Amino acid sequence: MVNRWTYSNTTVFNIGYHLIWCSKYSKNVLVDDVEKRLRGILSEKADEIDVDIEHLEIMPDNIHLFVKTPPTASPHWVVQQLKGYSSSVLREEFPHLKSRLPTLWTRSYYCESVGHISEEAVKKYTEEQKNQ
């Protein structure tokens, strides 16, 4: 069985996020060589910022990521790092992206926390602690 927890000197944690973001104007530009290169770029940057990509799906106009992060990495910061780096590299390596779009990504994104324990279980546990 794979251990779901990660350990640091002072913390035990299991923090996961489902992240989604779209290409500007929902253009179908994340295809073929761009898609292949994007996978590598996201993997490189995730390693650099100590984020584990557990699952990645790239559609022609959007990305779905399931990532595990340390508690010091906010979801907003993770998205900024991944979107900023990937946009910079892809637009440099694929000039047609510059001519088709003013920016590669929209400013918005979707984020939902994903955990092993449900919200209901946490509420029940905390209520039970008061009664002990």
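**Pocket, core and loops**

Author: The largest pocket has a volume of about 230 Å³ (the space filled by probe spheres set on grid points joined across faces, edges and corners). A pocket here is an open set of points on a 1 Å grid over the protein atoms alone where a 1.4 Å probe fits, with protein on both sides within 12 Å along at least five of seven lines; lining residues have an atom within 4 Å of a point. There are 14 lining residues, and those closest to the centre are Arg4, Thr6, Asp52, Glu54 and Lys68.

The model is predicted, so local features need pLDDT of at least 70 and side-chain atom pairs pLDDT 80 or more, while totals for chains, interfaces and linings use all residues. Residues are numbered from 1 along each chain as its sequence is written, and side-chain values use heavy atoms, without hydrogens or water.

Next, the core. The largest nonpolar core holds 28 residues (buried Ala, Val, Leu, Ile, Met, Phe, Trp, Tyr and Cys joined through side-chain atoms within 4.5 Å; buried means under 20% relative accessible area, exposed over 50%, partly exposed in between, with a 1.4 Å probe and protein chains only). Leu19, Trp21, Leu30, Leu38, Ile63, Leu65 and Leu90 make the most contacts inside this core. Two or more core residues come from each of strand 3 (16-22), helix 1 (32-48), strand 4 (52-58), strand 5 (62-68) and helix 2 (75-93). Helices (H or I, at least four residues) and strands (E, at least two) are DSSP runs numbered from the N terminus. In soluble globular proteins, nonpolar side chains tend to be buried together.

Leu19 shows the local detail. Leaving out residues up to four places away in sequence, Leu19 touches Ile63, His64, Leu65, Val67, Val78, Val79, Tyr110 and Cys111 (contact means heavy atoms within 4.5 Å). As for its length, helix 2 has 19 residues, which should span 27 Å at 1.5 Å a residue, and its end C-alpha atoms are 27 Å apart, which agrees (the expected span is 1.5 Å times one less than the number of residues).

On the side of helix 1, consider Lys45, which is placed in that helix. Lys45 counts as buried because its relative accessibility is 9%. Apart from neighbours within four places in sequence, Lys45 is in contact with Gln81, Leu82 and Tyr85. Asp32 is also found in helix 1, but Asp32 is exposed, with a relative accessible area of 59%. The phi of Asp32 is near 55°, a positive value in a residue other than glycine. Most residues other than glycine have a negative phi. Ser26, in the loop between strand 3 and helix 1, likewise has a positive phi, near 55°. Ser26 counts as partly exposed because its relative accessibility is 41%.

The loop between strand 3 and helix 1 also holds Lys24. Beyond four places in sequence, Lys24 touches Leu101, Pro102, Thr103, Leu104, Trp105 and Thr106. The C-alpha atoms of Lys24 and Thr103 are separated by 6.5 Å, although the two are 79 residues apart along the chain. By contrast, Pro102 and Ala73 are 29 residues apart in sequence and 28 Å apart in space, C-alpha to C-alpha.

Asp61 sits in the loop between strand 4 and strand 5. The C-alpha atoms of Asp61 and Lys24, 37 residues apart along the chain, are separated by 8.3 Å. Excluding neighbours within four places, Asp61 contacts Trp21, Cys22, Ser23, Ser26, Lys27, Asn28 and Leu30.

Last, helix 4 (residues 119-130): zero of its twelve residues are buried, so this helix lies largely in the open.
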